[in-house]
Amino acid sequence: MNRDILKDCKRVVIKIGTNSIMKSATEVDYHKIDRLSFVCSSLQQQGKEVVLVSSGAVGVGASTLNMEEYPSSVAEQQALASVGQSALMSLYSRFFQHYEQYVGQILMTTDIINYPNSYNNCNIAINSLLSKNIIPIINENDAVSVDESGHCTKFGENDTLAAVVAELVEADLLIIMSDVDGLYDSNPHTNPGASLISYVGEIDTDILSMAGGAGSVFSTGGMETKLKAAEKMMSIDKAMMITSAENPSIIFDILNGKEAGTLFRKNEAELQIQGDE
Ligand SMILES: Nc1ncnc2c1ncn2[C@@H]1O[C@H](COP(=O)(O)OP(=O)(O)O)[C@@H](O)[C@H]1O
Ligand SMILES: N[C@@H](CCC(=O)OP(=O)(O)O)C(=O)O
């Protein structure tokens, strides 16, 4: 698959997962947050429009409060996320400031998909920040979202949230950064012989059967939710990448059309047929 089309992507949503924000269950990866802030700032200053969806509220909260396990009570989970989200944003603000880039926080619940007014308001808020050259940093509002029958406002993981945001802002590309290089034919953490898949043109049952769950205590989605996000992006004829967050500069390569990670995009022939219809 020729990746030159990625060179033309102007509006890009970048999602980073808990596994990448954290070095271990209790240690925040400050260097990673710094490098990511540098990359996002550089892209924005080159004329791209960047929206960052960052997980890590729960992980950073656990590090701040010295907790090694996810608390079982909802009230404790909320407190953890509340402490963690402000600590996470304070880190981002500090690092982005170093690169002379302003950022603004937006916290969401599923209200944005369930209520058109909320959807529009959210769209206005993000576009207003982008028009002022400010990078929106988005997470779920973990301290208040709930998962009760009859009233569920929780996304629960950020792959879905990132795809919702990418659709909302009509992004050209969603980049999901994780602790793996991309989609493998089976979980590389349990199968060392697994092979990386470089391109997926359709999410079929074979592809879905490759995906397993999350890889650490505080992350929640795993590969299954990343494939669902890819399915959503492909259904609106947009592209998605899964790539490693090990060195965030890989985003420069991706946007230069170089081979990295797994690209999800309908093939040219299919996009052409749809265009002709
Ligand atoms: N087929 C697969 N290819 C790659 N990773 C997989 C696969 N199946 C399951 N995984 C798991 O998905 C994890 C990434 O998802 P997740 O733990 O939610 O991370 P993140 O915090 O980046 O969202 C990997 O660490 C790996 O353990
Ligand atoms: N909103 C949560 C994200 C939860 C989560 O684990 O997401 P992810 O690592 O993207 O699977 C947080 O900030 O901790």
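Hi everyone, let's start with the ligand: 18 residues surround ligand 2, and the closest are G17, T18, A57, V58 and G221. A residue counts here if its C-beta atom, placed from the backbone, lies within 6 Å of the molecule.

A word on the model: it is predicted, so local features need pLDDT of at least 70 and side-chain atom pairs count only at pLDDT 80 or more, while totals for chains, interfaces and linings use all residues. Residues are numbered from 1 along each chain as its sequence is written, with chains lettered from A and ligands numbered from 1 in the order in which they are written.

Which elements build the shell around ligand 2? At least two residues each come from α3 (57-64), β4 (135-140) and α7 (158-168), and α3 gives the largest share, 3 residues. Helices here are DSSP runs of H or I, at least four residues, and strands are runs of E, at least two, numbered from the N terminus.

Now to the record. The unreviewed UniProt entry lists several residues under "binding site", including T220, G221 and M223; such annotations may be inferred rather than shown by experiment.

T220 sits in the loop between α8 (205-208) and α9 (222-235).

M223, in helix α9, is buried, because its count is 23. Beyond neighbours within four places in sequence, M223 contacts L183, A211 and G212, contact being C-beta atoms, placed from the backbone, within 7 Å.

Methods. A residue is buried if 20 or more other C-beta atoms lie within 10 Å of its own, exposed if 12 or fewer, and partly exposed in between; C-beta atoms are placed from the backbone. Two residues are in contact if their C-beta atoms, placed from the backbone, lie within 7 Å.
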